[in-house]
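Please look over the sequence and the model shown here.

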Amino acid sequence: MGGILVYQNSGQAASDLSGRFRWLDFATDPEQAAGRLERDRYRMILIHLEDEGESGLSVASLVRGMPAYHLTPMLFVAADRRYENKAFYEYHCYDYLVKPIRQNEFVRVIYPFLVQLYTEKRDNWMRVRIRGTIKEICINDILYLESANRSVMIHTRSGVLEIPYLPLKQCLAEHGGVFVQCHRCILVNRNFVDRIDYRERKIQLPGCRVDIGRQHEAALHREFDSHRGLAENEEWRNQ
């Protein structure tokens, strides 16, 4: 999920803030806003109602006309309250702020969304040290982790990274909601498990298979057999 889409005709906010906040995207005309909304998935929409407000209101109509954004919080920033009733009753906005806006007022509105973005950022990325440099690896790109020769091999959809002196148990402790241990040397990303073959003790991932250790079979049954689509029937477990 994306961050916050800011719509402002003047474009001044974009030039001032685009390099400072990675979670902000900007649009300066309705066509550009439509393209961004179709391409990404935003958590919040912030619309500046400038001049007569028609441009901003057209973007609000666009947002509410897209099924994916029926319930997305929308924040209006305006010079006066002439559009306030329309914003709340027609576009079901989250809040309506009138300029000049005090910093604490803006923080009050935006803070819950920033907390959510930070939490997702922390949970969706693995931070590892390579030759003294911290590198971030997207969890959603990792198929499995394999411990070998005092290193962890991170198998991603695009290649393999070797991270020396990274304990496998540390990866499991920090990202146990995503990774599942299937072997003393292997953690698999639960989101990429296509098939579990308990007879041959193999897990099918996209483009590869990994081993199941005997001591981990019972835990895998508990972990996956209650999940729809993995081991719903005997065919999954016994083929």
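The structure, a predicted model, holds 0 disulfides. Cysteine 185 is in no disulfide: the nearest cysteine sulfur belongs to cysteine 182 and is 10.0 Å away, whereas a disulfide needs the two sulfur atoms within 2.5 Å.

Buried means under 20% relative accessible area. Cysteine 93 has 8% relative accessibility, so cysteine 93 counts as buried. Cysteine 185 also counts as buried, because its relative accessibility is 17%.

## Nonpolar cores

The largest nonpolar core has 24 residues. Leu37, Ile45, Ile47, Leu49, Met74, Phe76 and Tyr96 have the most contacts inside this core. Two or more residues each come from strand S1 (4-7), helix H2 (30-39), strand S3 (44-49), helix H3 (54-64), strand S4 (74-78) and strand S5 (95-98). H3 gives the largest share, 4 residues.

Leucine 49 is in contact with Gly56, Leu57, Phe76, Val77, Ala78, Ala79, Tyr83 and Tyr96, with neighbours within four places in sequence left aside. Another core, of 18 residues, lies apart from the largest one. Its members include Cys185, Ile186, Val193 and Cys208.

## The chain as a whole

The chain has 239 residues, and buried residues make up 42% of them. Its secondary structure comes to 8 helices and 15 strands.

Among contacts with a separation of 6 or more, 45% are between residues 24 or more positions apart. The chain exposes about 13,800 Å², and carbon and sulfur atoms supply 48% of that area.

Notes
Residues are numbered from 1 along each chain as its sequence is written. This is a predicted model: local features need pLDDT of at least 70, side-chain atom pairs count only at pLDDT 80 or more; totals for chains, interfaces and linings use all residues. Side-chain values use heavy atoms; hydrogens and water are left out. Buried means under 20% relative accessible area, exposed over 50%, partly exposed in between (1.4 Å probe, protein chains only). A nonpolar core is a set of buried Ala, Val, Leu, Ile, Met, Phe, Trp, Tyr and Cys residues joined through side-chain atoms within 4.5 Å. Contact means heavy atoms within 4.5 Å. Accessible areas come from the Shrake-Rupley method with a 1.4 Å probe; for residues, only the protein chains shown count as cover.
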